[in-house]
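Work through the exercises below with the model open. Each task is followed by a solution in steps.

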Amino acid sequence: MNNSGFSVRRRFLQFLAASPLLTTYDAFAAEVEATLGEQLKDPKDVINVFEMQALAKEKIPYSHWGYLSSGVDSDLTLHANQMGYSRFQIKPRRLVDVEKLDTKVNFLGAAAGSPIFLSPIGSCGAFHKDAETGVARASAAKDTFMIISTQASDSVEQVIAARNGKGLWFQLYSTNVWENTVAMLKRAERAGCSTVCFTIDLPGGRNTETQQLFTRKDTRFCEECHYDGKQKPMFKDLKQSGLVDPKLTWDVIKRMKDVTKMNVMVKGLEAPEDAELAIKAGVDGIIVSNHGGRATDTGHGTIECLPEVVKAVKARVPVMVDGGIRRGTDVFKALALGATAVGIGRPYCWGLGAFGQPGVERVIDLLNRELAICMRGSGTPSLKAINSNYVIDTGHRNPDTLA
Ligand SMILES: Cc1cc2nc3c(=O)[nH]c(=O)nc-3n(C[C@H](O)[C@H](O)[C@H](O)COP(=O)(O)O)c2cc1C
């Protein structure tokens with residue numbers, strides 16, 4: 001398509017983005033997908049994370065795209081995460097001085113200029129050669145907090161160095177060899193992580209069908225990279241082990257606290273009953289998460305779980321949430337419903353896959369900008385000012401509000 005054809009097309013897509021004709025974000029992304037890769041060379045021209053998603057899909061190899069985009073079974077929890085946000089609507093207040101905004105957070109050793117954190121994603125090298133080190137540079141440049149995965153392609157030492165020695169939490173898969181768990185905790189602590197986010201939502205196995213469908217289309221020789229005995233950096237010099245230990249129960253929190261000075265957060269909690277057990281077990285924080293819809297299918301959206309968990313926690317520890325956050329308004333709603341901070345997963349990987357480090361920076365900028373607009377528009381000049389009075393729970397998901 002020539003340039004004038006492109007600008008007509010682009011105006012049409014922008015019209016579609018604002019139009020009630022399209023009822024889901026995915027439909028918008030699908031429209032964008034076919035045309036933009038050739039035209040959008042500069043991350044600054046990308047207008048929202050859905051465009052970034054479409055670009056990333058064009059650039060990431062099929063099987064890796066399948067890994068990134070998959071949920072489990074029929075991907076219903078994956079969709080519930082995003083759809084859950086449509087249940088809540090924003091109730092703005094007027095004539096409040098919103099000239100200056102305060103979006104800083106500081107808890108459990110995490111100080112950042114934005115409440116939007118980067119959730120841990122394994123194998124970022126599958127999306128772009130910049131991998132986690134590029135994500136680290138981007139997030140440090142944007143004063144954004146990052147959590148590195150046990151399954152990261154780059155080492156925790158490399159990644160924290162790319163953030164000038166600070167601003168990193170470590171996500172832990174416990175493994176089924178306790179000695180390995182202890183070694184990982186000590187290594188992350190030595191590297192300078194202040195908090196471990198212990199992932200508890202994958203006690204064993206999952207059925208990633210979308211991933212399998214994309215892998216079928218991939219004609220490359222996968223064994224070249226995925227061969228027996230190849231280890232992720234975090235597993236270097238450790239005994240052979242499984243990624244998780246299905247036997248674990250809540251007493252493991254104390255065992256972890258006995259061997260590390262890091263704060264121990266649990267990631268992957270959804271039930272208020274578990275929030276109470278977690279606090280009794282001694283956790284320092286909770287991330288309401290369902291692994292981005294990659295753990296159990298037909299689950300609830302995490303934003304719908306958040307209010308009950310917050311109620312059970314009674315402000316004893318900070319509560320974060322991730323899953324399905326695609327707009328600044330989503331961030332605002334999560335904060336209003338009691339989250340101290342929120343995590344994004346796939347969106348920053350779309351930026352990474354589309355452009356490497358500059359794409360991650362663009363995704364962070366886009367969401368921060370949208371959050372700032374929403375805070376001003378709602379009459380909330382600081383994160384502290386945002387509370388449940390600013391959202392209405394309509395009691396049902398409302399897909400039309402997503403277009
Ligand atoms: C490709 C991919 C890999 C992930 N790897 C990890 C991981 O290694 N550890 C973990 O705790 N969560 C992992 N997650 C879950 C994310 O940390 C996060 O909970 C989720 O992506 C949030 O949902 P969102 O992608 O809709 O933003 C992964 C998610 C995706 C999509």
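**Exercise 1.** Find which residue of S9 stands opposite Lys 267, and trace how the chain gets from S8 to S9.

Solution. Lys 267 stands opposite Ile 287 in S9. Strand S8 (residues 263-269) and S9 run parallel and are joined by 4 bridges; two strands pair if DSSP finds at least two bridges between them. From S8 the chain passes through helix H11 (residues 272-281) to S9, in a right-handed β-α-β crossover. Right-handed means that, with the strands pointing away from the viewer, the path from the first strand over the helix to the second runs clockwise. Helices (H or I, at least four residues) and strands (E, at least two) are DSSP runs, numbered from the N terminus.

The model is predicted: local features need pLDDT of at least 70, side-chain atom pairs count only at pLDDT 80 or more, and totals for chains, interfaces and linings use all residues. Residues are numbered from 1 along each chain as its sequence is written, and side-chain values use heavy atoms, with hydrogens and water left out.

**Exercise 2.** Identify the bridge partner of Ile 286 in S10.

Solution. The partner is Val 319. S9 pairs with strand S10 (residues 319-322) in the parallel sense over 3 bridges. Helix H12 (residues 302-313) lies on the chain's path from S9 to S10, and this β-α-β crossover is right-handed.
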